[in-house]
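Hello,

Here is the structure for you to look through. My notes follow below.

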Amino acid sequence: ISNRVSVLGLGAMGTALATALVHADHHVTVWNRTPGKEAALTAAGARSVPTVAEAMDAELVIVCLLDHASVMDTVDTTPVPSGTALINLTSTTPNESRSLAEWARGREIPFLDGGIMATPAMIGTEAGNIIYSGDNAVFEAHRALLETFGTADYLGADAGTAATVDFALLAAMYTMFGGFQHGAALASTAGMSASAFAERAHALLGALLGTLFDEGREIDAGRHTDPAQNLAFTKKAVDAIVRAGRDAGIDNAYLEPTRTLIDRAVAGGGRELGSSALYELIRHP
Ligand code: NDP
């Protein structure tokens with residue numbers, strides 16, 4: 001095996017990963033399907049190779065491509081030398097990560113799957129975080145190298161775990177930002193700019209963020225009986241907010257599903273429960 005670490009894929013994220021490794025003085029080999037994205041990296045000391053096979057000849061190969069299909073297109077067409085470990089940092093669904101782990105197991109390739117909880121700019125800084133699951137021996141053997149990207153957390157042996165938690169966090173993130181878009185649209189009908197709304201949303205949501213820990217405890221205890229605001233209250237509030245959106249002529253697409261869920265919980269006898277009771281409807285449909 002001639003190379004220490006290779007990075008397959010020089011998109012925005014692959015480039016950030018390879019750059020962090022080069023800055024940490026690792027000997028890095030890079031490959032990208034389309035040539036031309038490697039100039040800054042080779043100038044900084046990386047070695048660029050034209051074929052996947054050359055890049056695969058490494059102790060550790062980190063793959064960061066577009067999706068599961070592009071990963072299979074790339075790794076399944078090339079023999080992997082014995083002793084090479086593979087880490088997939090492409091965002092894949094949990095089952096795609098498990099199927100990649102299965103593919104690797106069939107070829108006796110030590111395999112770890114990861115979810116990047118960061119933007120490219122955060123890679124190589126304290127704000128960078130990557131979660132991993134799969135072969136613990138791969139994680140332990142390369143832990144110091146992985147920490148050049150930021151913090152590195154190992155979540156368990158099932159290769160699908162990191163992707164599950166990754167997508168769970170993204171689900172929370174996208175709906176929170178969607179809620180912001182909805183609020184900004186509603187506020188604009190009263191003449192408030194989105195920037196001014198952002199100031200206020202940041203203050204309110206920031207102050208409430210700590211209550212996530214209370215919600216987590218309620219859900220884990222299966223209680224939902226300690227509501228700051230019970231679902232009867234929340235139903236009235238959300239019904240009114242939906243009406244306000246309708247009156248203002250905006251699209252309630254983001255809010256309607258929330259209202260539907262609350263209605264189901266209330267119809268099921270949950271009037272006095274806290275909003276964490278909605279978790280049960282989502283978890284056990
Ligand atoms: P980009 O679109 O910038 O890059 C995509 C990369 O995939 C390119 O290197 C491209 O090669 C390659 N690619 C696409 N299709 C194929 C194929 N069939 N065969 C070989 N190579 C292929 O994406 P990012 O770098 O931003 O993202 C990469 C991964 O990282 C994604 O899974 C993304 O979800 C994840 N991620 C990204 C984050 C971000 O903020 N950017 C945050 C967290 C995770 P070519 O140059 O030849 O087109």
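**Domains**

The protein chain is assigned domain 1 (3-159) and domain 2 (164-283), with bounds that come from an automatic or database domain assignment. This is a predicted model: local features need pLDDT of at least 70, side-chain atom pairs count only at pLDDT 80 or more, and totals for chains, interfaces and linings use all residues. Residues are numbered from 1 along each chain as its sequence is written.

Taken over C-alpha atoms, the centres of domain 1 and domain 2 are 37 Å apart. Six residues of domain 1 are in contact with four residues of domain 2 (contact: C-beta atoms, placed from the backbone, within 7 Å). On the side of domain 1 that touches domain 2 there are four nonpolar, two polar and no charged residues. Here Ala, Val, Leu, Ile, Met, Phe, Trp, Tyr, Cys and Pro count as nonpolar, Asp, Glu, Lys and Arg as charged, and the others, Gly among them, as polar.

**Ligand**

There are 22 residues around the ligand, of which Gly11, Arg33, Thr34, Ser70 and Ser91 come nearest (a residue counts as near if its C-beta atom, placed from the backbone, lies within 6 Å). Two or more residues of this shell come from each of α1 (12-23) and α4 (68-75); helices (H or I, at least four residues) and strands (E, at least two) are DSSP runs, numbered from the N terminus. By class, the shell has eight nonpolar, 10 polar and four charged residues.

**Gly36**

Gly36 sits in the loop between β2 (28-31) and α2 (39-43). Gly36 is exposed, because 7 other C-beta atoms lie within 10 Å (buried: 20 or more; exposed: 12 or fewer; partly exposed: in between; C-beta atoms placed from the backbone). Gly36 and Leu10 are 26 residues apart in sequence and 9.6 Å apart in space, C-alpha to C-alpha.

Regards

Definitions and conventions
Contact = placed C-beta atoms within 7 Å.
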